[in-house]
Amino acid sequence: MATPEVRTYRVEECVIETQPFYVPRADEVEVFAAAFRQRIPVLLKGPTGTGKTRFVEYMAWTLSQPLTKLTPQAPAGSRPAAAVRPLPMITISCHEDLTASDLVGRFLLDADGTRWVDGPLTRAVKAGGICYLDEIVEARKDTTVVIHPLTDHRRTLPIEKLGQVVEAADDFLLVVSYNPGYQSALKDLKHSTRQRFVALEFDFPELAQETRIIAHEAGTDEATAKRLATLGQKVRNLREHGLAEGVSTRMLVYAGRLIREGVSPKRACQVAVTWGVTDERETQRSIDEVVSSIFA
Amino acid sequence: MLHVLDNYCRALAGRQVTVASCEKLVDKNLGWARTQLPTCDGTTIYLPPNLPDELQASELPGFAWYKVMATHQVGQLEWGSFDFQYARAYPQGHANPELPTSDPALADYARFFARFPQPRLARDLFAITEAFRIDCRVLDNYPGLAPTYQRAREHCLAERVQLVRASAQESFVEWALRASLGQPASVVAPAIHVRVAEQASQVLAQLRAAHSSVEAAAHVATELYRLAAPTADVAAFAHYRSPVGVFYRGAFKPELARLFRDAHDSENLRPPERPNNLERRKQLQELVRHSHEAETPDSELPEEIAQQALVENLEDALSQRAPPPPPGHDSGGSDEDQDNNDALEATDPGTFTYDEWDAGRQRYRKAFCLLHEATLVAADNDLYAATLRDHAALAERIRRHFEAIAAQLDRKQMRLHDGDDLDLDAVVEAVVDRKCGHTPSDKLFFRRNKQERDVAVAFLLDMSSSTGDPVDRKADRYATGTQRLIDVERQSLVLLAHALQALGDPYGIYGFSGYGRKRVELHVIKELNEPLSANVKQRIGAIEPQSATRMGPAIRHTTQKLLAHPARHRYLFLLSDGRPQDQGYGDHAASQLYAVHDTRMALLDAHRRGITPFCLAIDKSGHDYLGTMMQDLRYEVLWDVAMLPERLPDLYRALTT
């Protein structure tokens, strides 16, 4: 009996090999590339499902291409436009219990005593590439301080327990994302942290762009994609009026994929959009009415 | 149902819009005289409170009718029925220089209608072409609704009454209206009119194009007008009667809607960009006199007086939407008392003066408010005990959560990946596990949590009269047993106070109300360092709705109290049921921004001095002003009052840990 082949990678080897699908909104690709050349850390802001993670993947791929020429003449003295090797992309999802030692590393017990094990951040700093801390505000406060020396001229990561300081690899770039939320911001990024990044704002794409994205990602026909995009726009109008967040493009893509599988559009939108965005009965009904107006 | 439609319309419109009953509009006497027709004033969609009998008998269910009505009305917003611009429709200027179309004081619609010798005919035709355009857009864009919408159109078409003794123009308008409802052109028409009818339906069909604008509808109306009245013989119109309206399309009043919407939008403009009052009055008079859009109600009064009353009502309604002229530019004397700008003096014990921020002048009014602080007289009731009894389970749950926080404070945290020292129990277990051949856990450390809570919180409670409103809006507010907003607030406070005993944080409870700037009242229910005595419990029971809401001075006073407290982390927790409101302080809707800005300044000032303000609003429309008031400060809007008892402790925990 053959065991199914499970592919595992070391984090340093996670290279984006095929071009991710990404529709640029404005000049964010050029700005990111410039920031990468100057090794300025980048902060991505925006609601969930607006393409932040996809953008980082796309940039990791783009910057790995040997012939990338994003600006025809890179100013003299700046680093080469493209990395000399495929850039690994290391994603760390932050959560409430993520401690500094989860990032940096810790001693583990071994048969012969204790053994130091690097955390993902340390590995990324050593290996280089793009290290992406997703939803940074979720992490505990002590973790955000750990990244401070990495984000300024020092470009180092101190490992207190080892008494060491690790210098970041030449092509190491820290990218963090966060979702400012629109109300009650009980969690907010400290100014001492946020003022270390150049910030790119993400918002929901325009109708035509979103149609393109849905058509591509869900593989639906143009008309269905357009209707889904329209639905997205309409539901987003309810932000601040019963909805904490607008419906993400991702949800619309899921709805599209269900439709492609033969689920009726109304039902697909109900499970992927209506029930996904809110638990409030009345708001659900309002959204259902919008769905039933748009979809036959 | 209203709420469902409200959100439905908001979603479709993509701009600020609310749904209300037609009755509200009729009550204001603004020229909308009929209760039974849906309409839109540019920011609000009014729907009839119930369906006429003949529709109740139709095959469509009631909700479907409402949805069709709402979609048509909101379609006017979505596809810009009120965005008509004369200059865009007629870039070359005016065709007939004798007509008053060039008067810049006239609004866009008035200039358009002034092009015609018979503006009423033009109006009716424009209403038809525009409604047809909206119908086409709805049918194209909402395929899901299309079958229902189409059935509604057919129903309305079938219900049209045959005209008796109609003039040629009346017949033509009626015919155009039916064509706009989808009646085929081939339907019986007198032979001589067939050619005109065919031409007209071709003209109308232009509006089916996906990008046709409101200006296109105006041009089509112009062409129809030419077909209807080839000569400018005014005498022939003397007895012209407008056609009976189509139910789902309702009353289309573009001129009024435009005025209201612009007034609403100009709230965000700076004074020089706002339309001035004289100009507006002129537009209104013109509108009332000529447009027939504003119908004077049937009454004994002579026409002129009725019209004048209408103009005044409209002005009032419009200025309620727009913000006040900043007091600095005011010619003075608009406020009730003359000594309005005098600084006050706090002479009596227990009184304090506070400055107030004047957003119009961008500076403080010195010592403008007099605040009276007094301890609330304890009530002789057992509200505290009764609440704990009635909500025993909830009280217990909240208390346990708080105990858990307290417990975390001075306990060793065991079995951690990392810590001060080895957790011996864990090490022994790990060794045993390894000898047994199991995988040992690597959580071998413990950490002493030396965190000390150093938190002081002041709760500032809105005791304005509106907190006496019943939670369930339909309930009778005077009936015994009706749950009022303040009741829920009191219960929440009791539950929180009970739970806070477990934590030991110093906290104060203050209520505020007042009437006018000279009498801002701050009721002390519990001072920051006062223990939760029987007396305090009875004071909580004495919290009752009082008069108005002047938030600024109350916040400033509480800030002072917090500043005097040595705690490292200080929080000001504002609990309110609505926007700030008091005499001369946002008392008419016009000066709401003044109150909102003053409150914001008070909160910002507290923030600058190291106090974290947090505002919890129980107000469904809270976002409209809280966004301005709080901006980057923290706040939350509670959709449902019933959530308050649970949410308040949650927020307290989230905020202070």
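Mentor: Let's start with contacts: two residues are in contact if their C-beta atoms, placed from the backbone, lie within 7 Å. In chain B, residues 24 or more positions apart account for 71% of the contacts with a separation of 6 or more. Before you go on, this is a predicted model, where local features need pLDDT of at least 70, side-chain atom pairs count only at pLDDT 80 or more, and totals for chains, interfaces and linings use all residues. Residues are numbered from 1 along each chain as its sequence is written, while chains are lettered from A and ligands numbered from 1 in the order in which they are written.

Trainee: How many residues of chain B are in contact with chain A, and which elements do they come from?

Mentor: By that 7 Å criterion, 29 residues of chain B meet 28 of chain A. The elements giving two or more residues to this side of chain B are α1 (2-13), α4 (62-78), β14 (634-637) and α23 (644-656), and α1(B) gives the most, eight.

Trainee: Why is α1(B) called largely enclosed?

Mentor: A residue is buried if 20 or more other C-beta atoms lie within 10 Å of its own, exposed if 12 or fewer, and partly exposed in between, again with C-beta atoms placed from the backbone. In α1(B), 10 of the 12 residues are buried, so the rest of the structure largely encloses this helix. Among the buried ones are B:Tyr8, B:Cys9 and B:Arg10. Their cover includes α8 and α11 of chain A, plus β1 (18-21), β3 (44-47) and α4 of chain B.

Trainee: What makes a set of residues a nonpolar core, and which members of the largest one touch the most others?

Mentor: A core is a set of buried Ala, Val, Leu, Ile, Met, Phe, Trp, Tyr and Cys residues joined through C-beta atoms within 7 Å. The largest has 107 residues, and those touching the most other members are A:Ala255, A:Val273, B:Cys9, B:Ala70, B:Leu125 and B:Ala176. Helix α7 (119-141) of chain B gives the most to this core, 11 residues. Beyond its neighbours within four places in sequence, B:Ala176 contacts B:Leu125, B:Ile128, B:Ala200 and B:Leu224.

Trainee: Why are β6(B) and β7(B) called edge strands?

Mentor: Strands pair if DSSP finds at least two bridges between them. The open sheet of three strands runs β6-β8-β7 in chain B, with antiparallel pairing. β6 (412-416) and β7 (421-422) of chain B each pair on one side only, which puts them at the edges.

Trainee: How many bridges join β6(B) and β8(B)?

Mentor: Three, which meets the cut-off of at least two, and B:Leu416 stands opposite B:Phe445 in β8(B).

Definitions and conventions: Helix = DSSP H or I, 4+ residues; strand = E, 2+ residues; numbered from the N terminus.
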